[in-house]
Amino acid sequence: MQLNLEDAALFLRVAELGTLSAAALERNEPVSQVSRAIVRIEKSLGVRLLHRTTHGLSLTDEGDTFLTHARRMLETAAELDVELSGRLSGPSGWVRVAVSPVLAQRVIVPSLRALYKKHPKLQVDIAADDRAVDLARDGIDVAIRAGVAVSENLIARKIGMHGRKLYATPQYLREFGTPKKPEDLDKHRLIANSASQSLNRWQLKSSEALKGPKRDATLIVKGHTRADNTSIVLALALEGVGIARLNELLVAPLVANGSLMRVLHKFDAEEPIPIYAVMLHERHRLPKVRACIDHWEASFAALAKKEAQK
């Protein structure tokens, strides 16, 4: 089998464009030259890759298999080129990160000036959404996720820890009263997240737990108000709409300046949750991806240290 990357690239473009003439025009070559190249590739592989008809081209089963491997060959070559050049000139290029809106606003965005100062050739594309993304389909280099199971085709690296607590504004608590025990929440306006049901499972100790053996309770919150975005949940809490379950590291500045107050802190039962940087296997070794993850791990550590000192 005598194949090279140029053969893989040619076949990929023929398959994507659907005609030999379109591929020839793109390459500024005669159609006959492209046709001969395809025939040579088929002879080298010993199989027919394309069905040729008057209506155009279609892939055979073998052609579909070769297309998958051709893509993989070209992606691997591109990644190798980036990695080797990165070692010489430093991390460079676009890094697309999927992250929740609140983490984007409180961690990723504030970190970018320092990241760019350290690695001026890096460029970051932020996809901010609470919903889980398909890394391959959506072209994501790294997703920042909290406490989630990872499938076999993904790599996960822990970059921080966080916990979620209950918060409300002083204005809300003056108007509706401060809950003294978890059972009091039935009488309050609670803010739920409609995009992630796991965020509506509030882990609290029962009121009896303080008097005897620990007994945790899970409150399933339907919400007086719901939003599908953590930034909007935070905004609702800041407007005094109700009590919300929020990331404690991210709202620490708002607690420090008196905008928010902890609620039912004696009844906390939730353990800290790890935060992961999740990547496809073929992406996690790229210098540009590693540089971003190293930087964001340091950002989470700085936040945790600052909070511990208070």
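User: Where is N28 placed?

Analyst: In this predicted model, N28 sits in the loop that runs between α2 (20-27) and α3 (31-45). The backbone of N28 has a positive phi of about 60°, although N28 is not a glycine.

User: Is N28 buried or exposed?

Analyst: A residue is called exposed when its relative accessible area is over 50%. N28 has a value of 72%, so N28 is exposed.

User: Which loop holds L264, and is L264 buried or exposed?

Analyst: L264 is found in the loop between β13 and β14. Its phi is also positive, about 55°, and L264 is not a glycine. The term buried applies under 20% relative accessible area; L264 has 7%, and therefore counts as buried.

User: What can be said of T60, its place and its contacts?

Analyst: T60 lies in the loop between β2 (56-59) and α4 (61-89). With a relative accessibility of 6%, T60 is buried. If neighbours within four places in sequence are left aside, T60 is in contact with R48, L49, L50 and H51.

User: How should I read a nonpolar core?

Analyst: The general idea is that in soluble globular proteins, nonpolar side chains tend to be buried together. Here the largest nonpolar core has 26 residues, and V142, I144 and W296 touch the most other members. Two or more residues come from each of β3 (93-99), α5 (101-118), β4 (122-128), β5 (142-146), β14 (273-280) and α9 (287-308). The greatest contribution is that of α5, with seven residues.

User: Which residues does I144 touch?

Analyst: Not counting residues up to four places away in sequence, I144 touches V97, A98, V99, L103, I159, I275, Y276, A277 and W296.

User: How is a pair of aromatic rings to be described?

Analyst: Such a pair is described by the distance of the centres and the angle of the planes. The count in this model comes to two aromatic pairs. One of them is formed by F11 and F66, with 5.1 Å from centre to centre and 55° between the planes, and is tilted. This pair links distant parts of the chain, since F11 belongs to helix α1 (residues 5-17) and F66 to helix α4, 55 residues apart. F11 is buried, at 0% relative accessibility, and F66 is likewise buried, at 9%.

User: What are the distance and angle for Y172 and F176?

Analyst: Y172 and F176 have their centres 4.7 Å apart and their planes at 25°. Planes under 30 degrees apart count as stacked, and the pair of Y172 and F176 is accordingly described as stacked. Both residues lie in helix α6 (residues 170-176), four residues apart, about one turn of the helix. Y172 is buried, with a relative accessible area of 0%, whereas F176 is partly exposed, with 30%.

User: How does one describe two packed helices?

Analyst: The angle between their axes and the distance between the axes are used. In this model, α5 and helix α7 (residues 230-238) pack at about 80°, and their axes are 6 Å apart. The angle makes α5 roughly perpendicular to α7. On the side of α5, the contact is made by P101, V102, Q105 and R106, and on the side of α7 by T230, S231 and L234.

User: What is the order of strands in the open sheet of three strands, and why is one side of each edge strand left without a neighbour?

Analyst: The order is β12-β7-β13, and the pairing is antiparallel. β12 (244-247) and β13 (261-263) are at the edges, and each has a single partner strand, so one side of each has no neighbour in the sheet. On average, neighbouring strands of this sheet are turned by 60° against each other, direction ignored.

User: How many bridges join β7 to β13?

Analyst: Three bridges join β7 (residues 164-168) to β13, and the two strands run antiparallel. The bridge partner of Y167 in β13 is R262. Helix α8 (residues 248-256) lies across β7 and β12, and runs at about 105° to β12.

Definitions and conventions. Residues numbered from 1 in each chain as written. Predicted model: local features only at pLDDT ≥ 70, side-chain atom pairs only at ≥ 80, totals over all residues. Heavy atoms only, no water. Buried < 20%, exposed > 50% of the residue type's maximum accessible area, 1.4 Å probe, protein only. Contact = heavy atoms within 4.5 Å. Core = buried A, V, L, I, M, F, W, Y, C linked by side-chain atoms within 4.5 Å. Pairing = 2+ DSSP bridges. Axes fitted to C-alpha atoms, helices over the stretch in contact; angles between N-to-C directions. Phe/Tyr/Trp six-rings, centres within 6.5 Å; stacked < 30°, edge-to-face > 60°. Parallel < 35°, antiparallel > 145°, perpendicular 65-115°, else oblique.
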